[in-house]
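This report covers one predicted model.

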Amino acid sequence: MDLLDLARTQFAVTGGLHFLFVVLTLGMAPLVALMHTRWAMTGRPHHEAMTRFWGQIYVINYALGIVTGLVMEFQFGLAWSGLSHYAGDVFGAPLAMETLLAFFLESTFLGLWIFGWGRLPRWLHLACIWLVTLTAYASAFFIMLANSFLQNPAGSVARDGRLELVDFGALLTNKALVFSFPHVVAAGLFTGGMVLVGASAYMLRRRTEQVEFFTRSMRLGVVTAAIGVTFTMGFGYAQFAGVQDGKWDNTGAALALALMMEVGQLLGLVVLLVMLPLIRFLPRWRWAHPLLVAMTPLPFVLSIAGWVAREVGRQPWMVWGKLTVADAMTPGLTAGMVTASLAGFAGVLGLLAVVDYVLIARAIRRGPREPDLGAGVPGETRTPALSL
Ligand code: HEM
């Protein structure tokens, strides 16, 4: 591998591993907010149990995912200073907004939500999780805005060898953004729904005592996955209108796209034509549960295929038609330096991903009896799930 390929691999590995966390965050945040809303409105113990159990899964994923975001910032600075120099005036602002929203606002509201349990007034506590959701989506919007600028550098002109922003509105209405952002959001919902389905299927298969809890969770997961996959497919087709001419001449991008579309459509058919109509029976059909568990990783795989299609198709451009990837690299880098940072980043991110899934699996296996989230706080209901 030459230097350029090494640097590209580094970006693909860090970006891909980071997105595994992001896509679950995007899917779980509105679900947990919805569960909490039902709990706040009805006061029923099983809504509290749902909020605490699935909220805990969300918190684990967020806590480890935020660290992977830090690695993304590092690798931008290390390997791609040519991009900052040429397009930093345009690209830097949305990237900074994303960081501010995800690192500062989202984590602050999440902290208030976790530690305000039983302490904050009911509606203020509920507002915290909705603000977590809002900031998660706002940060996703800004990162998609930055990425869409690389795909189609709207709203900017080249002056003195650098890009300058001349029309912020054009950045917001970029044809590469308008359908890709909802495509990603819908993919997140689909992923979140499938995680609820897979985890519930696993627990029901193990003959858990919490049958009612996981039956409700599975049904919510199926409905969410059905809504998510419908919009993913709809916005996926709409996205073609914003794709640059000649993008699919790139064999790698075309292959990743074909994988994503074919498996995505098949999965969509299974969710909409089989799982949704049979939603009443699925929780009881133990023979089907291993299949549902096996389907859980697919939305993650498809999301990575989607990014491969989008990013590989952009080659050889970093900023389409303006700056090549080769010119965007930091001058003076050596293959040894990039190999060392690639090994370091891949090691850290890979480890975080493994730890994430191990912790999530452990939390799921423990079941909803005594989740750590909201435990030991004033007014705690000891084991809300037991009353189910
Ligand atoms: C019929 C199904 C689908 C179609 C027609 C479709 C279409 C597309 C297209 C055209 C792109 C690339 C856009 C570009 O290069 O600018 C893309 C990217 C992407 N897709 Fe899909 N897709 C489908 C299903 C899925 C599924 C099921 C998932 C995940 C669960 C998914 C996740 C993604 C992601 C994360 C990206 C990268 C970001 C973006 O461009 O939106 N897609 N999709």
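## Leu6 and its contacts

Beyond its neighbours within four places in sequence, Leu6 is in contact with Met1, Ala335, Val338, Thr339 and Leu342. Leu6 belongs to helix α1, which spans residues 3-42. Its relative accessibility is 10%, and because buried means under 20%, Leu6 counts as buried.

Leu6 and Phe213 are 207 residues apart along the chain, and 47 Å separates their C-alpha atoms. Phe213 is part of one aromatic cluster, together with Phe53, Trp54 and Phe214.

## Gln75 in helix α2

Helix α2 covers residues 45-79 and includes Gln75. This residue has a relative accessibility of 0%, so Gln75 counts as buried. With residues up to four places away in sequence set aside, Gln75 touches Gln10, Phe11, Thr14, Trp80 and Phe345.

## Nonpolar cores

The largest nonpolar core consists of 104 residues, and Trp54, Trp80 and Leu83 have the most contacts inside it. Helix α1 is the main contributor to this core, giving 17 residues.

The model has one cavity of 30 Å³ or more. The volume of the largest cavity is about 650 Å³. Its lining is made up of 38 residues, of which His183, Gly236, Gln239, Met260 and Gly306 are the closest to the centre.

Which helix gives the most to the lining of the largest cavity? Helix α10 does, with seven residues. The helices that each supply at least two residues of this lining are α4 (122-151), α6 (180-205), α7 (211-239), α8 (251-275) and α10 (298-312). By residue class, the lining divides into 22 nonpolar, 13 polar and three charged residues.

## Aromatic pairs

The count of aromatic pairs comes to 19. One of them joins Tyr237 and Phe240, with 6.5 Å centre to centre and 35° between the planes, and this pair is tilted. Tyr237 has a relative accessible area of 43% and is therefore partly exposed. Phe240, at 32% relative accessibility, likewise counts as partly exposed.

Phe281 and Trp285 form another aromatic pair, and this one is stacked: the centres are 5.7 Å apart and the planes are at 15°. Planes under 30 degrees apart count as stacked, which is why the angle between Phe281 and Trp285 places the pair in that class. The relative accessibility of Phe281 is 33%, so this residue counts as partly exposed. Trp285 is partly exposed as well, because its relative accessible area is 28%.

Notes: Residues are numbered from 1 along each chain as its sequence is written. This is a predicted model: local features need pLDDT of at least 70, side-chain atom pairs count only at pLDDT 80 or more; totals for chains, interfaces and linings use all residues. Side-chain values use heavy atoms; hydrogens and water are left out. On a 1 Å grid over the protein atoms alone, a cavity is a set of points where a 1.4 Å probe fits but cannot get out, and a pocket is an open set with protein on both sides within 12 Å along at least five of seven lines; lining residues have an atom within 4 Å of a point. Grid points are joined across faces, edges and corners, and a volume is the space filled by probe spheres set on the points. Helices (H or I, at least four residues) and strands (E, at least two) are DSSP runs, numbered from the N terminus. Ala, Val, Leu, Ile, Met, Phe, Trp, Tyr, Cys and Pro count as nonpolar, Asp, Glu, Lys and Arg as charged, and the others, Gly among them, as polar. Rings of Phe, Tyr and Trp (its six-membered ring) pair if their centres lie within 6.5 Å; planes under 30 degrees apart count as stacked, over 60 as edge-to-face and the rest as tilted. Buried means under 20% relative accessible area, exposed over 50%, partly exposed in between (1.4 Å probe, protein chains only). Contact means heavy atoms within 4.5 Å. A nonpolar core is a set of buried Ala, Val, Leu, Ile, Met, Phe, Trp, Tyr and Cys residues joined through side-chain atoms within 4.5 Å.
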